Amino acid sequence: MRMPTGAKDPVLLALVALCLLIVPWFLVGPGGSITSWVIQAGVDILDVYLAWRLVTHPRTTVAGRRFWRVVMVGCVACAIGDSYQTALLIARPGTTGTSLVQTGFVIAGMATVVVATLRHPLGGAGRQRLRLWFDAATVLTGVTVFLWYFLLAGELSGRQAADRWGAAATASVMLLITFGVLKLILSGTAPFTRSAGVTGSLGVAGTALAAPLATGLFGDPGPGVMFVVQLLPCVLLAFALRLQQIQQPRLAERQSGEPGPRSSRMPYLAVIATQLLLVVSLRDGRIDLRVWGVAIGAAAITALVLGRQVAALRDNERLLGELDEQKDRFRALVQHTSDLTLVVDGTGVINYASPAAERVLGLPASELLDTSLIERTHLDDTHELEVLTAKLRANPGRGISTQLRWRHADGSYRWLDIVITDLRHNPRVGGLVLNARDATEARALHDELQRQATHDALTGLANRVLLHRRLAQEDAEVSMLLIDLDGFKEINDQHGHHTGDEVLRTVAGRLSGLLGSGEMVARLGGDEFAVLLPGTDVVAASELAEHIGVMLSEPMLIADLWLAVGASIGVAAGEPGDGDGLLREADTAMYRRKNQRKARRQEAAEPAST
């Protein structure tokens with residue numbers, strides 16, 4: 001179910017309408033004491049319901065549930081006390097004072113709320129909490145000074161003593177609640193939003209200060225005005241609870257993304273208000289108890305501000321010392337690390353280079369500044385730069401790893417393992433951060449191992465693994481030649497393996513020199529070779545096979561000996577996906593060709609023997 005917005009919420013609109021009706025009803029209408037207490041008790045019951053809804057709200061945290069549960073208990077106590085007073089007035093219409101039962105329940109209920117506000121976790125470090133207590137105490141002191149000036153120093157001397165001290169006790173508890181709410185607002189960990197908290201603080205403070213303020217400003221304003229100024233803050237409390245219920249999802253998002261105390265101007269406003277009140281109290285030149293109270297409050301609030309500033313000054317000194325230590329540590333790490341750190345702008349111009357530039361690229365860091373990193377990159381790696389640019393756009397703020405070749409001061413290119421992070425959105429960096437480590441030796445070893453895995457160690461030709469890998473990359477018809485050397489075994493047996501190896505190297509050189517672009521020759525093992533001919537039909541492949549046979553049969557000079565071998569060549573054509581099938585077909589054709597050559601030699605030898 002979607003929660004209505006504040007401007008359209010029926011409960012908030014009803015509370016606003018109630019406030020608008022209360023004013024004329026009690027000022028010019030028939031409203032009286034019983035009506036006032038009935039409305040008061042009804043609003044208290046509504047507070048209980050709204051607090052219960054916050055306890056059971058699915059987005060309320062564990063600490064928030066604990067807080068709102070205590071608030072609900074306090075609202076229940078207030079509802080019991082005010083309901084008792086309402087029933088008492090209905091039963092005894094002539095009752096003029098507030099009963100001790102009502103006062104006791106209200107004070108007890110509000111005391112539980114005081115405990116909840118003071119025990120709610122603040123977050124932050126110990127020094128942050130100390131400044132927070134200073135700020136909240138400053139605001140509370142300012143409010144207390146106003147309470148003293150308008151209430152406790154004699155403006156309500158016309159009341160009975162019990163009523164006056166009961167009102168004072170209630171006001172004190174309300175001020176403690178205001179203090180706790182302000183503390184939570186300033187902490188940034190409050191279980192309510194700032195707007196709901198400020199509204200609730202005004203409501204709580206209004207219940208404590210509205211009546212004495214009205215008396216101080218208007219003398220004897222009459223019962224109608226007193227009923228209005230006592231009821232409106234109570235309705236404002238219910239308004240704050242309902243507003244918090246509507247804004248609870250927003251609070252959950254804020255608490256998950258922005259933890260920690262935040263600064264506020266409220267303590268400074270309290271200082272200004274207290275100083276202005278002191279000036280106002282001295283306007284007629286009399287120094288009485290009220291003025292002394294304001295003066296003492298101004299001195300206390302000044303002491304709190306000074307204490308807060310001393311704590312902030314010590315924190316600043318400590319933070320500056322820690323910052324200097326971190327700078328020194330960072331500078332030492334950067335200067336002595338073997339990794340190169342660069343910061344480049346969006347066009348590839350280097351804005352910062354760490355001292356490791358001289359160890360990695362053979363240039364002082366100062367000579368790299370304002371030069372183009374793209375121009376220093378190997379031309380064959382420009383495509384990799386384009387791929388990196390696309391990855392950085394797709395993963396802002398994340399490190400992307402790659403290998404690139406950068407030009408060294410001696411003109412050679414060095415392989416580097418690079419991690420690139422896009423921090424152009426960070427105003428303190430404003431560029432791409434590259435951390436590079438020389439990987440030239442590791443890359444050379446990697447390339448050599450890869451070459452050994454895919455090439456024949458004797459001839460340097462591709463081996464069977466690379467041949468099959470190349471076949472898998474082709475997507476059109478191919479032809480395959482399978483070559484087996486005739487007479488190689490005799491050369492190997494008569495002249496030794498060293499001579500046989502030289503014969504294989506010579507054959508490999510002749511085959512490689514004969515092939516065109518895109519064609520591949522591979523040694524399959526022993527004296528067998530394969531030739532891959534992409535895009536060549538079987539007729540052209542057969543013609544090439546005849547040419548290869550003639551070329552290989554030419555004598556070769558090895559170790560001052562003229563040696564010659566023959567070649568039986570099988571030809572096959574087909575789809576590249578069936579590499580093993582092509583090799584088998586070419587192998588069959590090769591042995592058929594070899595047998596035909598043997599048969600011709602035997603036929604040629606028989607007449608000679610006869």
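**Exercise 1. Work out how far strand 6 is enclosed, and on which faces.**

Step 1. Count the buried residues. Strand 6 covers residues 478-486, and nine of the nine are buried, so the rest of the structure largely encloses this strand. Buried means under 20% relative accessible area, with a 1.4 Å probe and protein chains only. Strands are DSSP runs of E, at least two residues, numbered from the N terminus.

Step 2. One side of strand 6 holds V478, M480, L482, D484 and D486, all buried. The other holds S479, L481, I483 and L485, also all buried.

The model is predicted: local features need pLDDT of at least 70, side-chain atom pairs count only at pLDDT 80 or more, and totals for chains, interfaces and linings use all residues. Residues are numbered from 1 along each chain as its sequence is written, and side-chain values use heavy atoms, leaving out hydrogens and water.

**Exercise 2. Find the strands that pair with strand 6.**

Step 1. Take strand 8 (residues 528-534). Seven bridges join it to strand 6, antiparallel. Two strands pair if DSSP finds at least two bridges between them. V478 has P534 as its bridge partner.

Step 2. Take strand 11 (residues 566-574). Nine bridges join it to strand 6, again antiparallel. Here G570 stands opposite L482.

**Exercise 3. Identify the edge strands of the five-stranded open sheet.**

Step 1. Read the order: 2-1-5-4-3, with antiparallel pairing.

Step 2. Look at the ends. Strand 2 (350-353) and strand 3 (399-407) each have a single partner strand, so one side of each lacks a neighbour in the sheet.

Notes. Buried < 20%, exposed > 50% of the residue type's maximum accessible area, 1.4 Å probe, protein only. Helix = DSSP H or I, 4+ residues; strand = E, 2+ residues; numbered from the N terminus.
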